Amino acid sequence: MKKFSRRTEDFICEHCGTKVTGNGYTNHCPNCLWSKHVDINPGDRAADCGGLMKPEAVELKNGEYTIIHRCTKCGHTRRNKTSTDDNFEEILNLSKSMIHRL
Ligand SMILES: [Zn+2]
Ligand SMILES: [Zn+2]
């Protein structure tokens with residue numbers, strides 16, 4: 001039987017030091033929104049990189065926010081859905097800073 005790759009581990013955010021309680025879908029810090037390059041496919045923890053992933057941009061589609069993360073080590077980008085636990089002010093700041101860049 002194929003094992004589902006959902007994991008529920010807790011982690012300490014390496015960017016801001018927040019203790020994050022994993023719910024199996026958490027792949028970024030709800031406080032500062034930074035992530036870590038540990039997955040090739042979501043949840044598989046198969047990437048060797050381990051670099052911190054900076055939230056670079058945010059997209060709003062069908063009322064859902066998606067964060068675009070870029071790895072500070074290898075430059076890999078990934079889209080991550082936001083969760084209801086996420087710091088909404090940070091998400092708004094991110095979308096505001098994008099508008100300034102246009
Ligand atoms: Zn953080
Ligand atoms: Zn990376």
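Trainee: What are the ground rules here?
Mentor: This is a predicted model, where local features need pLDDT of at least 70, side-chain atom pairs count only at pLDDT 80 or more, and totals for chains, interfaces and linings use all residues. Residues are numbered from 1 along each chain as its sequence is written, chains are lettered from A and ligands numbered from 1 in the order in which they are written, and side-chain values use heavy atoms, with hydrogens and water left out.

Trainee: Which protein donors does the zinc ion (ligand 1) have?
Mentor: C13, C16, C29 and C32, each through SG, at 2.2 to 2.3 Å. Donors are N, O and S atoms within 2.8 Å of the metal (3.2 Å for Na, K and Ca); water is not among the atoms, so sites may look incomplete.

Trainee: And how are they spaced along the chain?
Mentor: As C-x2-C-x12-C-x2-C. Strands here are DSSP runs of E, at least two residues long, numbered from the N terminus.

Trainee: Are C13 and C29 buried or exposed?
Mentor: Both are buried, meaning under 20% relative accessible area; exposed is over 50% and partly exposed is in between, with a 1.4 Å probe and protein chains only.

Trainee: What about the zinc ion (ligand 2), what coordinates it?
Mentor: H37 through ND1, plus C49, C71 and C74 through SG, at 2.0 to 2.4 Å.

Trainee: Why is the arrangement of the zinc ion (ligand 2) called tetrahedral?
Mentor: Because its four donor atoms subtend angles of 105 to 119°. Four donors count as tetrahedral if all angles lie between 85 and 135 degrees. The ideal is 109.5 degrees for four tetrahedral donors.

Trainee: How accessible are C49 and C74?
Mentor: C49 is buried at 18% relative accessibility, while C74 is partly exposed at 46%.

Trainee: How many bridges join β3 and β4?
Mentor: Two; strands pair if DSSP finds at least two bridges between them. S35 has M53 in β4 as its bridge partner.

Definitions and conventions
Helices (H or I, at least four residues) and strands (E, at least two) are DSSP runs, numbered from the N terminus. Four donors count as tetrahedral if all angles lie between 85 and 135 degrees; four count as square planar and six as octahedral if opposite donors are over 155 degrees apart and all others between 65 and 115; anything else is irregular.
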